[in-house]
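Hi,

Here is the structure I said I would pass on.

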Amino acid sequence: MSEVDLRSSRNDDRYDRRYARASQTLGAATGSILERTLMQVRVLDKVVEVRGDDGMVRPLQQKVAEAVSLLVVVGEDPVRRRRELARRRRPSDSTPDWRWIPRERLKAMLWGGDDIDQDNSLKALMSKVKRVMGSRLKRANNCYGLFFDEWTDYVDLQVLPALVDAANKARCDDPETAVLLYEHVLRHWSDSALTCMPTTAEAAGHVGVLREERQAIVEAMLETQLDLGRHRDVVARTPMMIAADPLNEHLRGLRMRALARSGRKAEALREYDQAEVVVRTETGTEPGPNLQRLRDQIHANDPAVLEWHAPPVRASDERVRRAFADSSDHAVLARMLNYMWGGDVNLPPDRAKVAIVHAAAAEQEALPLETAEFCRRAVRVAAKAGLDQFIEIGTGLTTRDPIHQVARRVVPAARVLYVSDDPAVAAYLQAHGIGGEDVDIIHAAIWEPKAIIEAAAATLDLSRPVGILIREVLNYVDSEDDPWGAIETLVAAVPSQSRLMLSVATSEGLMEVVQQQIHAQRVTTPQGKPLRFWSPEAIMDMFVGLPLSEPGLVDANQWRPERTGRAPIGPMRGLVAMAIKP
């Protein structure tokens, strides 16, 4: 069996677990998710920023910015949040009481002991906050709290600590992905964040906790870079950090270790001498035992410190790097989708980017699974109707049941032409079993319909009905590419009773703020085409006037479902349909 078949029970189990998890979590997002408003709140950048569902920044007066940042920081404290959620086991167990702040405590954090009419001032201030935050600001029993919807709102103090948790879990078996996640978090968690917080004692305490949290992320990233043998990177990064925090002995130790492993033993020992001077001057004591022990090990040329042993690398990563040598240092859409589908044809940049995209819009985890299921169902329906030849445009690195296998369970002699706009994907699939008389793959883009037709004529019999399946690729073309004209040319080349099957992500119900979050991840095709969303009307036009079969243009999970209890897909939706050429 070729590697492309990927039909082992291991891969099927991984897919089923991921599908079940996505459906279950989306099912937990109760209510009519399309009717909710969305909000993006950032308090960890250099300034507090609130965006509404239109994507526009909402202006904040200084005291309103202080109140918003205070309510977010106290309510979303990542340390307390982890502890409370672990105790409750899941967020939906009960109302998150730790988000409520008593009125007296809130006044003390905002104004301290200032002799002003704090009751009236707080009431007026919370009224202004209400105008910005809407129903998310709640009051009960003389307490205030900001309550965000974890499925529709983006709050950086929720999202970034979650990515840190993901990075911490990845450190042992996927350290490269961990470093990429740490770096992303630190780019968006400014070292000068929270400067707009009130200067009262308790507020300053919360700021101090978050700064300690950020420093722990920095040091975890440096440790992981040392594990990866990136000693020179650590040497280059640490001088300014130590200048800002000269008494941080752990940071000094990381720099000493990096210097020693870079063949700069003398500099590593001088680093200790400098630390010793600072510690004696500031505290009148000696550096701690860990730093002293590290100095002695470096002085004695202890191999435990000086030698570096490469961490184990995933066997699949080595294989994928060889196949995608030209793109191994950045995320590639086809490999990202492969990871979302539970496959192993992906690399650390792909895995990190998927984690970041899902953190920005959690509901996206289910969409690729649902659209992949639609493609299999649609091919199966077409095969049962008598079609035995198919063209799939937008072929990716499928993890299970590529469509030639789906079709051949119904029609054993089915023939398929795969079309990928990524030459590396086409080459990889050819090297791993796709290619031959009855199943072939070519490199071509959707806007090159004549090249696709010419290749199809060599593999298929275009005098008989053909199923044309066009996958996610339509979300990476723009109006100038004229997808409607390309599809019309393809349909004109096949006879009556041929099928056109499309899967396209829609802008319907997708708030501008979510689109901004997704576009900020800069996911593009090899041609540099960015992701775009189409209106339902534009998607209908892509069927070039062909009549749609039942149930028409619907969400991917609603097209002739074969499983019960399908969850709603959420703000980011894929519309699908099948049309029959008269």
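**The α2–α5 packing**

In this predicted model, helix α2 (residues 62–75) packs against helix α5 (residues 118–133) at an angle of about 75 degrees, and their axes are 10 Å apart. The range for roughly perpendicular is 65 to 115 degrees, so α2 counts as roughly perpendicular to α5. On the α2 side the contact is made by Lys63, Val64, Ala67, Val68 and Leu71, which meet Leu125, Met126, Lys128, Val129, Val132 and Met133 of α5. Sorted by type, the residues of this contact are nine nonpolar and two charged, with no polar ones.

**The sheet**

Further along there's an open sheet of seven strands with mixed pairing, in the order β9-β8-β7-β10-β11-β13-β12. Its edges are β9 (439–443) and β12 (554–555), each of which pairs on one side only. Strands β7 (residues 389–393) and β10 (residues 467–470) run parallel and are joined by four bridges.

Two helices to look at here: α18 (residues 403–410) lies across β7, β8 (415–420), β9 and β10, at about 165 degrees to β8. Helix α21 (residues 483–492) lies across β7, β10 and β11 (499–506), at about 160 degrees to β10.

**Cysteines**

The disulfide count comes to zero. Cysteine 196, at 23%, is partly exposed.

Cheers

Methods:
Residues are numbered from 1 along each chain as its sequence is written. This is a predicted model: local features need pLDDT of at least 70, side-chain atom pairs count only at pLDDT 80 or more; totals for chains, interfaces and linings use all residues. Side-chain values use heavy atoms; hydrogens and water are left out. A disulfide is a pair of cysteine sulfur atoms within 2.5 Å. Buried means under 20% relative accessible area, exposed over 50%, partly exposed in between (1.4 Å probe, protein chains only). Two strands pair if DSSP finds at least two bridges between them. Contact means heavy atoms within 4.5 Å. Axes are lines fitted to C-alpha atoms, for helices over the stretch in contact, and angles run from 0 to 180 degrees between N-to-C directions. Angles under 35 degrees count as roughly parallel, over 145 as roughly antiparallel, 65 to 115 as roughly perpendicular and the rest as oblique. Ala, Val, Leu, Ile, Met, Phe, Trp, Tyr, Cys and Pro count as nonpolar, Asp, Glu, Lys and Arg as charged, and the others, Gly among them, as polar.
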